Amino acid sequence: MIATIKFIDSAVKKTLTAFCATLLLMMVAFTIYSVVMRYVFKNPPIWGDLLTVLSNIWLVFFALALTVRDKDHIALDLIYNWLPLKVAFFIQQFWTAVIFCLGLVMIIWGIEAVATMGGKYWEMWHFAWEENGIVFKPNYMPKKYAVAIVPISGLLVCVAALASIAEDSLRFIAGTYRQAKDLELSE
């Protein structure tokens, strides 16, 4: 059971990391393409800047979930390492629970934002799911597609926070809990 959970956790981390790497590559590609088209060919694409910005936003939100799961809170790690282990554990669990609540807020209000988001990106065409499958729509992409990352990221943050709380609690109960800095040094 634990091996299965670790496998799923590892697979989700690798998948999110791959998404982040892909989005970063897309940002660079869109930017280079836009700059070359703008300054060399004097014919910039109208969608280049928007896709760069959207890739950046989605990258940051996916990376947020990875950061929560890996407990990479730079400022807090410094504080945890100064405190006794038991106190640091409870403070870390508290902040992870707060982050879980932030994820819930992102889900609840993110779904509302997606449902009520009006407008379209005039420079973007899009794909849509219809009864025959995915079809190309030669009209404008709804803005709710861009905002959809908020509830998706909220769900990922909640799952990451719960996984971190459970993992650290099991280690604390077993007497094997150590701070993130100590774990990095031992691995």
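1. Leaving aside neighbours within four places in sequence, Ser-55 is in contact with Leu-23, Met-26, Met-27 and Phe-30 (contact: heavy atoms within 4.5 Å). Ser-55 sits in helix α2, residues 48-70 (helices are DSSP runs of H or I, at least four residues, numbered from the N terminus).

2. This is a predicted model: local features need pLDDT of at least 70, side-chain atom pairs count only at pLDDT 80 or more, and totals for chains, interfaces and linings use all residues. Residues are numbered from 1 along each chain as its sequence is written, and side-chain values use heavy atoms, with hydrogens and water left out.

3. Ser-55 is buried, because its relative accessibility is 3% (buried is under 20% relative accessible area, exposed over 50%, partly exposed in between; 1.4 Å probe, protein chains only). A polar atom of the Ser-55 side chain lies 2.8 Å from the backbone oxygen of Leu-51.

4. The largest nonpolar core has 14 residues (buried Ala, Val, Leu, Ile, Met, Phe, Trp, Tyr and Cys joined through side-chain atoms within 4.5 Å). Leu-16, Cys-20, Leu-59, Phe-62, Val-68 and Val-157 touch the most other members. Two or more residues come from each of α1 (2-39), α2 and α6 (149-174). Helix α2 gives the most, with five residues.

5. Not counting residues up to four places away in sequence, Leu-16 touches Phe-62, Ala-65, Leu-66 and Leu-156. A second, separate core has eight residues, including Phe-30, Tyr-121, Met-124 and Met-141.

6. Salt bridges number eight (a side-chain nitrogen of Lys or Arg within 4 Å of a carboxyl oxygen of Asp or Glu). Glu-167 pairs with Arg-69, the closest N and O atoms being 3.2 Å apart. This pair links distant parts of the chain: Glu-167 is in α6 and Arg-69 in α2, 98 residues apart. Arg-69 is buried, at 8% relative accessible area. Glu-167 is partly exposed, at 25%.

7. Glu-167 also meets Arg-171 in a salt bridge, 3.7 Å from N to O. These two are about one helical turn apart, because they lie four residues apart in α6. Arg-171 is partly exposed, at 27%.

8. Lys-13 forms a salt bridge with Asp-9, with the closest N and O atoms 3.9 Å apart. Both lie in α1, four residues apart. Lys-13 is partly exposed, at 28%. A network of salt bridges links Asp-9, Lys-13, Arg-69, Asp-70, Lys-71, Glu-167, Asp-168 and Arg-171.

Definitions and conventions:
Polar contact = N/O pair within 3.5 Å; in protein donor to acceptor, adjacent residues only side chain to side chain.
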